[in-house]
Amino acid sequence: MTDENENQGIPEPEGATDLIETDFDIGQDNIEGRVGPFGFDIHNPVFMISGLSVIAFVAYALIAPTQAGDFFGWLRPALTSTFDWFFLSAANIFVIFCLVLIVLPLGKVRLGGADATPDYSYLGWFAMLFAAGMGIGLMFFGVLEPAYYFGTPWGDEPLGAIRPFDEDGNLIAANVQEARRMALAATSYHWALHPWAIYAVVALALALFSYNKGLPLSIRSAFFPILGERVWGWWGHVIDTVAVFATLFGLATSLGLGAQQANAGLEYVYGIPNTINAQVILIIGITAVALVSVLRGLDGGVKVLSEINMGLAVLLLIFVLFAAGAGVILTEFGRGLLAYAQEVIPLSNPVGREDDGYRQGWTAFYWAWWISWSPFVGMFIARVSRGRTVREFITCVLIIPSLVCILWMAVFGGAAINDMVANTDDSAVMANVITSYSPELSLFAMLESLPLASITSTIGIVLVIVFFVTSSDSGSLVIDTITAGGKIDAPVPQRVFWCTFEGLVAIALLVGGGLSSLQAMVISTGLPFTIVLLLMCWAIFQGLRSEPR
Amino acid sequence: MFKRIMIPVDLAHEGNLERALQVACDLSSHYGAELVYVGVTGETPSSVAHTPAEFAAKLETFAKEETKARGGGSARAHTITAHDPAVEIDKLLEKAATDLGADLVVMGSHIPSRFDFSSHGGHVANHATCSVMLVRDQ
């Protein structure tokens with residue numbers, strides 16, 4: 001390949017790389033034109049098929065809500081409980097693959113060419129990684145998940161851990177320590193190495209094939225080593241369309257469900273009534289801010305919002321840390337890390353386990369969920385990661401976010417468990433997670449147990465809302481790029497279209513019903529994408545091997 | 001009158017530039033002004049080039065060939081890379097005019113419709129401190 005490049009006279013990106021020679025010209029399948037005052041430049045047929053299939057599924061969910069609900073409500077759990085071993089094994093492979101890349105000499109390859117320099121500072125980069133991929137989940141599950149595992153009376157304890165409460169809900173002091181340890185380990189397992197390895201694989205594949213190999217920034221490019229020139233035809237169209245479809249529905253359904261959660265939080269904290277109208281207003285507000293953000297672009301909008309959000313999240317973290325007793329919680333972080341290290345192998349064992357409720361209901365669900373989000377988050381990470389070496393990239397996308405997530409879970413979960421232990425009978429966390437299951441209130445219930453609850457709850461609600469904005473704007477950029485055949489400079493009205501479309505889909509599903517069933521459908525796409533990701537590992541390996549180091 | 005003329009070019013849509021290029025070359029030879037071709041590219045592969053370096057090389061060639069063919073004066077190329085070219089282009093062109101010390105910007109432009117969403121020429125004409133000449137494509 002290298003020789004051909006020299007013959008063709010294509011200069012190296014920045015320093016040596018190994019460009020792939022292909023007959024495909026970026027944008028050759030695009031249609032350009034104008035609709036009224038708006039210019040467009042879209043990939044044919046990915047743009048139209050993605051848009052129309054989204055409309056078709058929304059229509060299906062609205063016209064036959066019961067059937068759609070029954071079908072996807074059956075499909076998702078059926079997949080995660082039948083293929084739990086597959087999800088668990090695949091996620092383990094991704095983690096091992098990434099860790100191996102750090103130590104192999106292949107890790108020296110630099111994304112964007114041997115002499116490329118990083119586009120973003122570490123701070124801006126981290127802020128965008130978190131805000132796009134996980135921020136909203138940390139807000140929702142940070143309290144819920146550890147508190148749930150700690151107190152669950154439903155028999156889905158991780159690894160069948162011991163319960164700290166007896167049948168009548170009285171504390172069994174002797175079991176608290178062990179149950180707390182397992183709750184933190186089991187939560188960290190879902191938020192540390194495994195999910196970030198999933199994102200890292202997709203991001204690395206896209207960054208490598210785009211910056212170093214000269215292929216368009218689109219999901220299909222990662223399949224060039226496997227499919228060859230066929231990726232520019234229907235194979236590629238299908239891959240890209242499914243990615244757009246999963247991203248758009250993933251964002252729209254979490255936006256709709258998120259509006260319900262934010263509204264529940266607003267009701268809990270301020271007494272603002274929980275109504276469809278209020279939720280629609282929230283979605284419109286979030287979409288409007290996301291629109292401003294995409295209009296201001298990657299640096300002026302997405303990055304700025306991500307940094308503001310990370311700043312706020314760090315403030316909240318520090319507050320909870322000190323309010324709940326820094327010494328106690330930092331010890332908890334140490335214990336959490338240790339527990340994670342001790343339990344990660346038994347927890348990730350795919351076979352011969354008895355804890356179906358945890359393994360199938362939580363772990364396999366999470367893995368399918370992360371994987372269905374990986375085209376979006378991976379592509380966004382790729383977009384902002386040029387100039388890093390593979391080793392640097394994996395350390396920063398895998399190791400550091402994992403530590404941050406374990407810390408977050410130890411602080412928020414630790415504070416929640418402390419409250420459950422100290423005030424078992426009148427703990428708000430206990431009431432909202434175990435006694436009656438209202439997951440969307442868990443964060444606010446925990447904050448209520450600490451001082452200054454009215455201020456911190458407000459910060460909590462702002463964070464929840466802005467994290468939705470930061471997922472929504474980066475998602476719109478990703479969808480826009482894929483549907484423009486990998487062009488990042490398609491006319492701006494196109495990203496406005498996708499951002500608005502996402503808000504409209506969320507509103508349609510919220511008002512008409514169907515959020516949960518379509519979210520189940522999105523998560524179901526995790527199964528085929530798992531196979532896709534496994535193939536990507538092989539493609540990355542092939543791609544890296546041919547790079548000069 | 002003019003010492004340095006900046007001409008922003010979109011290598012993906014060379015066809016629309018026909019008249020602007022001719023005007024810029026005529027002016028440069030008339031006033032003995034230097035021509036600077038300015039191109040903005042993202043860092044991902046695009047329809048024009050696989051890498052920013054390839055883009056710069058193409059712009060260089062484009063500048064040389066067009067100037068020669070149209071009888072312009074001395075010419076050079078200036079490539080700007082951007083994280084998000086679609087939204088940054090207006091500001092980047094405005095800044096380039098200042099940084100390069102251009103005293104005239106000649107830009108291709110389409111006939112505006114009633115609500116024009118993205119008029120790069122309009123932005124530069126509104127904000128640049130130097131003279132700006134917008135040349136309609138027909």
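Visitor: What volume does the largest cavity have?

Guide: Rolling a probe the size of a water molecule over the atoms shows where empty space is left. Here a cavity is a set of points, on a 1 Å grid over the protein atoms alone, where a 1.4 Å probe fits but cannot get out; lining residues have an atom within 4 Å of a point. A volume is the space filled by probe spheres set on the points, which are joined across faces, edges and corners. In this predicted model, the largest cavity comes to about 120 Å³, and the structure holds nine cavities of 30 Å³ or more.

Visitor: Which helices supply at least two residues each to the lining of the largest cavity?

Guide: Helices are DSSP runs (H or I, at least four residues), as are strands (E, at least two), numbered from the N terminus. For this lining they are helix 6 (135-151), helix 10 (234-270), helix 16 (442-448) and helix 17 (453-483) of chain A. Among the lining residues are A:Phe140, A:Gln261, A:Glu440 and A:Leu443.

Visitor: How does the lining of the largest cavity divide by class?

Guide: Ala, Val, Leu, Ile, Met, Phe, Trp, Tyr, Cys and Pro count as nonpolar, Asp, Glu, Lys and Arg as charged, and the others, Gly among them, as polar. That gives nine nonpolar, one polar and one charged. The second largest cavity, about 60 Å³, has three nonpolar, five polar and two charged. Its lining draws on both chains, including A:Lys487, A:Asp489, B:Thr41 and B:Pro85.

Visitor: Is A:His43 buried or exposed?

Guide: Buried means under 20% relative accessible area, exposed over 50%, partly exposed in between (1.4 Å probe, protein chains only). A:His43 has 3% relative accessibility, so it counts as buried. A:His43 sits in strand 2 (residues 38-43) of chain A. Contact means heavy atoms within 4.5 Å; leaving aside neighbours within four places in sequence, A:His43 touches residues including A:Asp29, A:Arg220 and A:His237.

Visitor: And how many residues of helix 7 of chain A are buried?

Guide: 14 of its 19, so to speak mostly covered.

Terms used:
Residues numbered from 1 in each chain as written. Chains lettered and ligands numbered in written order. Predicted model: local features only at pLDDT ≥ 70, side-chain atom pairs only at ≥ 80, totals over all residues. Heavy atoms only, no water. 1 Å grid on protein atoms, 1.4 Å probe; cavity = no way out; pocket = protein on both sides within 12 Å on 5 of 7 lines; lining within 4 Å.
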